[in-house]
Amino acid sequence: MTPAEIRRVRLSFAGAVLRLDALSAAFCEHLLRLDPGRAPFGGDPMLQRIKVGAALAGLVGSLGQLERIRPHLQALGRERARQGIEADDYARLGEALVGA
């Protein structure tokens with residue numbers, strides 16, 4: 001991403017932070033509609049919203065710092081693979097995020 005794109009994402013996210021819980025809930029709802037058999041982060045809705053919000057904040061805060069977060073992303077990818085998440089699942093995650 002370019003520095004200008006990173007700024008745009010961060011500014012957009014800053015506007016969403018005030019309603020992060022609602023955004024997280026909408027993401028989880030969209031994801032469950034797209035993939036009814038899979039609840040993100042387990043079945044507890046409150047835990048789901050907290051983890052989604054934290055993940056979004058962490059991602060936005062880490063934009064432009066790939067080398068620093070690469071080990072974390074690799075470990076996360078291995079964990080998701082153990083959970084049965086496949087490459088095709090990420091398209092649904094993206095669709096749910098855009099829908100939220």
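The stops below begin with the chain as a whole and then move to selected helices and residues.

This is a predicted model, in which local features need pLDDT of at least 70, side-chain atom pairs count only at pLDDT 80 or more, and totals for chains, interfaces and linings use all residues. Residues are numbered from 1 along each chain as its sequence is written, and side-chain values use heavy atoms, with hydrogens and water left out.

**Whole chain**

Select the chain and colour it by secondary structure. The order of elements from the N terminus is α-α-α-α-α. With a radius of gyration of 14 Å, close to the 13 Å that the globule rule gives for 100 residues, the chain is as compact as a globular protein of that length. That radius is taken over C-alpha atoms, and the rule is 2.2 Å times the number of residues to the power 0.38. Along the principal axes, the C-alpha atoms fill a box of roughly 40 × 30 × 20 Å.

Next, show the surface. The accessible surface is about 6,700 Å², and carbon and sulfur atoms contribute 62% of it; the areas come from the Shrake-Rupley method with a 1.4 Å probe, and for residues only the protein chains shown count as cover. Of the 100 residues, 26% are buried, where buried means under 20% relative accessible area, exposed over 50%, and partly exposed in between (1.4 Å probe, protein chains only).

Contacts (heavy atoms within 4.5 Å) may be displayed as well. Among those between residues at least 6 apart in sequence, 69% join residues at least 24 apart.

**Helix H2**

Select residues 20-34, helix H2. Its end C-alpha atoms are 21 Å apart, which agrees with the 21 Å that its 15 residues should span at 1.5 Å a residue; the expected span is 1.5 Å times one less than the number of residues. Which residues of H2 are buried? They are Leu20, Leu23, Ser24, Ala25, Ala26, Phe27, Cys28 and Leu31. The cover over the buried residues of H2 includes H1, H3 and H5.

Within H2, pick Cys28. Cys28 has a relative accessible area of 4% and is therefore buried.

Move to Asp35, in the loop between H2 and H3. Its relative accessibility is 17%, so Asp35 counts as buried. Leaving aside residues up to four places away in sequence, Asp35 touches Asp89 and Arg92.

**Helix H3**

Select residues 45-62, helix H3, whose 18 residues reach 26 Å from first C-alpha to last, close to the 26 Å expected at 1.5 Å a residue. Show the side chains of the buried residues of H3: Gln48, Arg49, Val52, Gly53, Leu56, Val60 and Ser62. Helices H1 (3-17), H2 (20-34), H4 (66-82) and H5 (89-99) are among what covers them. Gly64 follows H3 and has a positive phi, near 85 degrees.

**Helix H4**

Finish at Leu66, in helix H4. Is Leu66 buried or partly exposed? Leu66 is partly exposed, because its relative accessibility is 45%. From Leu66 to Gly37, 29 residues apart in sequence, the C-alpha to C-alpha distance is 32 Å.

Methods. Helix = DSSP H or I, 4+ residues; strand = E, 2+ residues; numbered from the N terminus.
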